[in-house]
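Let's take a walk through this protein chain together. Have the sequence and the 3D view open while you read.

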Amino acid sequence: EWGLVPFWSKDGKNTGKLINARAEGITERPMFREPIKSRRCLVPADSFYEWHKTDEGKEPYRITMKNGEMIYMAGIWEKWRHEGTIKRTFSIITTAPNSEMSTLHDRMPVILDTAEAQQLWLSDLPLSDILSLLHAPADGTLSMYRISTKVNKPGNNGEDLHDPVPDTTAQV
């Protein structure tokens, strides 16, 4: 389940506030301190969305790997237990954006864009080496295009959500 619930949570509720974990200071936050050390995961996706704020509202964009490959985001996971109930949850780690993403937002997922980086992330490296992986991918790695605002409503589903629409934003 997306949205990390710390193992020490009393009620095990996911308030939706922990879907992302900031790379900066991740070792200081109690709910992320242990997962970053020993409970790391890859979050695969074919793309992700980001919204650009304009005077007319928020315009959604779909972001993919320029080479067409899957995106593997750095994640951390947790197991919450209470009276026989087990809940497994995760958060995606975010960082400052590369130059491409900075036109849309001031944050982006940490993308582990090589097989080597993915293996290192899942390995038993010292924490300092793990933390060195928490950065934006190189410029030129991503591709993005404007999509319909239909994606803003959770009830909407379908392949047409990924169809490009005219981009009215000159700066992106």
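## Charges and ground rules

Let's begin with charge: the chain carries 21 positive and 24 negative side chains, and the centres of the two sets are 9 Å apart. Here Lys and Arg count as positive and Asp and Glu as negative, while His and the chain ends are not counted. Each charge is placed at NZ of Lys, CZ of Arg, CG of Asp or CD of Glu.

Keep in mind that this is a predicted model, in which local features need pLDDT of at least 70, side-chain atom pairs count only at pLDDT 80 or more, and totals for chains, interfaces and linings use all residues. Residues are numbered from 1 along each chain as its sequence is written, and side-chain values use heavy atoms, with hydrogens and water left out.

## The overall build

How many helices and strands are there in the chain? You'll find 4 helices and 8 strands, and along the sequence they follow the pattern β-α-β-β-β-β-β-α-β-α-α-β. Both kinds of element are DSSP runs numbered from the N terminus: helices are H or I with at least four residues, and strands are E with at least two.

The radius of gyration of the chain is 17 Å, close to the 16 Å that the globule rule gives for 172 residues, so the chain is as compact as a globular protein of that length. That radius is taken over C-alpha atoms, and the rule is 2.2 Å times the number of residues to the power 0.38. Along its principal axes, the C-alpha trace spans about 50 × 35 × 25 Å.

## Surface and contacts

Of the 172 residues, 40% count as buried. Buried means under 20% relative accessible area, exposed means over 50%, and partly exposed is in between (1.4 Å probe, protein chains only). The accessible surface of the chain comes to about 9,800 Å², and 51% of that belongs to carbon and sulfur atoms. These areas come from the Shrake-Rupley method with a 1.4 Å probe, and for residues only the protein chains shown count as cover.

Now for contacts, which means heavy atoms within 4.5 Å. Take the contacts between residues at least 6 apart in sequence: 66% of them join residues at least 24 apart.

## Inside the cores

In soluble globular proteins, nonpolar side chains tend to be buried together. A nonpolar core here is a set of buried Ala, Val, Leu, Ile, Met, Phe, Trp, Tyr and Cys residues joined through side-chain atoms within 4.5 Å. Which residues of the largest core touch the most other members? Of its 18 residues, they are I26, F32, I36, I76, I93, W121 and L134. At least two residues of this core come from each of α1 (30-38), β5 and α3 (115-122), and α1 gives the largest share, 3 residues. Apart from this core lies another, of 16 residues, among them A45, F48, I63 and I71.

Have a closer look at I36. Not counting residues up to four places away in sequence, I36 touches I26, T27, I76, I93, W121, L127, I130, L131 and L134. L127 counts as partly exposed, at 27% relative accessibility. L127 and L161 are 34 residues apart in sequence, and 39 Å apart in space from C-alpha to C-alpha.

## Loops and the tail

Where is E83? E83 lies in the loop between β5 (71-82) and β6 (85-95). Its phi is positive, about 45°, although E83 is not a glycine. At 73% relative accessibility, E83 counts as exposed. Another loop, between α4 and β8, holds D139, which is partly exposed at 48%. D139 touches N98, S99 and E100, leaving out residues up to four places away.

After β8 (142-146) comes a segment where you can find D160. D160 is partly exposed, with a relative accessible area of 34%. D160 and S148 are 12 residues apart in sequence, with 8.6 Å between their C-alpha atoms. P164 also lies in the segment after β8, and P164 is exposed at 59%. Neighbours within four places aside, P164 is in contact with Y145 and R146.
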